[in-house]
Structures are given as structure tokens and as C-alpha cells.
Amino acid sequence: MQFDSYIYALFLPLVFVLYWLLRNKLLWQNIFLLAASYVFYGWWDWRFLGLILITSCTTFLTGLVIKNEHSRRSKAWLVLNLIINLGILATFKYCNFFKDSLADILKLFGANPDWPTLNIVLPVGISFYTLQAISYSLDVYNGKTQPTRNVVAFFVYIAFFPQLVAGPIERARNLLPQLLRKKTFDYYNAVIGMRQILWGLVKKLVIADNLAGYVDNLLYHPSVMSASSIVMAAILFAFQIYADFSGYSDIAIGSARLLNIRLLPNFNYPFFARDMKELWQRWHISLMSWLREYIYIPLGGSRRGKWRTCFNIMIVFAISGLWHGADWTFVIWGTAGGAMVLPHVFLKRKNRTGHARLSDIPKCLLTFVVFALIFLSFRSPNIAHLQECLNTLVHGSYLCVPMGLTAVLYYILPLVVVEWLGRKQEFPLMTLKMPTLARWAIYWALLFIIAFYGAKADIQYIYFQF
């Protein structure tokens, strides 16, 4: 079920009430949470539950066997678990991609393989819970976390419904301890959670879903558009995917807050970043930190010279692109994003700290435009479409008034203003220091905006396809 569906509007309050009725019974609380998570996930297709059970069982048993030991036996179990989890992911997500790529290579040598295309349905959320399982196994092996013997709590860690489908990608050392201790109801935390859910719904239903139509129209036939319209499409899509994905993350984190569970943050006002390095540190934080800890640092990080650092960065970003989708357009997007970070390896710049100020706006704008143009590759369904976009950018006219300006005024400008004013908080509505009547006026105003200005079409979250 989707967060913005009527089913979830009934599901979440029911889970909330029953969960807190079991507040003094930790085991039953976790059993109920696991059952609710499986119902939530099985709502799409109950057959997908078999995969998540395989991942949960093999990873739980691997943790018990390896026990923070670096013996041959432990390493063998770790490798076996990685093969199982990555094998499942590769089969369902990358099988046709690898097959088609190999066929293209063979054609260069004169072969003409005629392989059938497999009709494989991508299980929703598989990329996310697979990374959580892998991080647990690696952390146990490296002694960063202790293996748990509580099978119910561990299965909840893998399948926790707010973040199961599209993150944030959790670490066992953050989520598991919360599932292993009794929790008391926190009224203030629940209020913050409801505000975060509300703000997430505004971003998804009002901003992202309304921008989707503009982006689709602008990029339907990029070869007949002006260059200025392609630039506008890139800008609109950057805001669409930000509002869509960060909106999902807000609803996920807010839903977990209602259960007094704190999830890792996933976005930190990325469009107010002053350079590309800072932007990637603020964008999809849980994934970027995962890649840094489990790929970048093991490769050597920045400890082996600048050129090796550049190589490591490009490997990480290429993997990030491939993780997002089984197509070369995603690999191009990832490597282009990594290339924009490489100057920071050679230029002696201090790490950005604090929040952007008015004097930083030109830097923020330049960084955002580069970021948005890179995302044209992310949005393109295939290489041919991307080539059309790039050809228009090179040879098209920039003198035409770009289509989509109304979207900037109606959707983007209000979002930017609200987030700029609230950029010092986790999300803009987190702290509302005003009279009760004024706070409720804001709540009802946002609900009114959702009801009357939210897109009527049922548009799936963009990251569900990953």
C-alpha cells in the first residue's frame, strides 16, 4: 500500500492504537509490528514475502554463526550470505540488463544472439532491505554490532513497514536496540511525527505529483523542444524527484515517530548546498553513508593518494547509479555525479558547515542547475532519449520562453520559501512556536491545499521502481 492511499490512512491509526495497547509487552509488541509489516508489504503481492523471509532467515543465521569472528568458517558464511542476497537482487533486478548488455557486446564481434526476454517482476523495496541485510552481516563480522538472538526483533529490523519500501536504509546498530527495549508513549514525539507526515503528504501530493505532468510533457519529444524548455524540464524534474522521495522519507520517519522509533534522516535541504560535494552529503543520506562505509572506505577511501581517491569516488557513484536502475542511463547519471565531486579532491576547500545564508544563494543556484542537468540522464528512459535531450541542449534555442514557468510560480517557489525559512530544523514544521489557534490554522490550511490542489491521479512514488 502507498503512504498517500486511503488504505494507509486506515492502516496507520489502527497500527498505532493496537501497538500502544501492547506497550508493556515487548515481545507481543514486536510480533504485532512484524505482522503489520508483512501485511503492509504483502498488500502489493503476497508472493514477495517469500523473498524477504529468505533474506531475513539467512542473514539472521549468518549473524549467529560468525559472532564477530574472523575465522575461515565465519568468512565462508559471510560470503555465502552475500551471494544469496546479491544473487536474489541480481536475478530480479539485473537479469535482463546483464543479458542485453552481453548481447550488445557479442554483436560487436559479429555474433547475433537471440535470447528471450524474461518477464521478471521487480519486487518492491528489494534494493533497500537487501542493503540492510548486507550491512548487518558486515557489521557483525567486523565487530561493529553484536549479533542478536531475538529472531522477532531481527525480522522487524528487515521488514519494518515505514521504511521497508524506499528507506531510509537503516543500520542494525540504530534500529535493533530500539526494537529490543521497552518503549513508552511520547506525546510530543507523536505530534512531531504527525507534522512530518503532513509535510511529506504536501510535498508528494501537491508538489511532486503536479510537477509530474509538466515534466512528462516537456520530455515526451525532446527533439522538438527548445533548449530552454529542456533546461526547465530538468529543473522541474529535480524538484519533482526531491519532493517525491523526501516526501516519502518524511512520511516514513513520521510514521515511525508515532511508534516512538527514530529512523535515520534521509535529506537535509540539498538544494541549499553550496557545492556538489555538500549536495551529495545532503541527498539520500542513508544510501550515500552506506556506500561510504561499505564500499568507499574498504576501497581505501582517501588514504592512498588523490588519484586513488578519484578512482574510489567514481566506483562508488557508478555503483550508486546501477543500484538505482538496471539501465546505462543510471550508470551515466551516477558517474556524472561523481565527476562533479572530483574537483574537491584537488582543490583545498574547507568542508561546508552550518546553513546557507543569503550571500550563498548564487552558489546554491549554480550547484542546483548542474545537479538538475545531470538528472536528465536519470529521467531518460533509454540512451536514445538522453541523446535527444543533449542534442537539443547543444543545438536548440535558449531565446524561447521555456514552458513550465507556471509550475515554478505555483509549486516550486512556495516550497523553496518554506524550506528556506525552516532550513535550521529537521523539517520546516518541526517546531511551530506560535499560539495553538495559529498552529491549527496551519494544519487545516495544509489539509485544504492537499484536498483541493493535490494531483488527482494515483502516481506511484518514483523510488518504488528501485
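**Pockets and cavities in a predicted model**

Hi everyone, let me start inside: the lining of the largest cavity is made up of eight nonpolar, five polar and four charged residues. Here Ala, Val, Leu, Ile, Met, Phe, Trp, Tyr, Cys and Pro are nonpolar, Asp, Glu, Lys and Arg are charged, and the others, Gly among them, are polar. On a 1 Å grid over the protein atoms alone, a cavity is a set of points where a 1.4 Å probe fits but cannot get out, a pocket is an open set with protein on both sides within 12 Å along at least five of seven lines, and lining residues have an atom within 4 Å of a point.

A word on the source: this is a predicted model, where local features need pLDDT of at least 70, side-chain atom pairs count only at pLDDT 80 or more, and totals for chains, interfaces and linings use all residues. Residues are numbered from 1 along each chain as its sequence is written, and side-chain values use heavy atoms, without hydrogens and water.

Back to that largest cavity: its volume is about 140 Å³, that is, the space filled by probe spheres set on grid points joined across faces, edges and corners. H10 gives the most to its lining, with five residues; helices are DSSP runs (H or I, at least four residues), numbered from the N terminus.

Now, which helix gives the most to the lining of the largest pocket? That is H9, with nine residues. This pocket holds about 1,200 Å³ of space, and among its 36 lining residues, Met194, Ile197, Leu198, Leu201 and Leu447 lie nearest its centre. The lining has 27 nonpolar, four polar and five charged residues.

Conventions:
Helix = DSSP H or I, 4+ residues; strand = E, 2+ residues; numbered from the N terminus.
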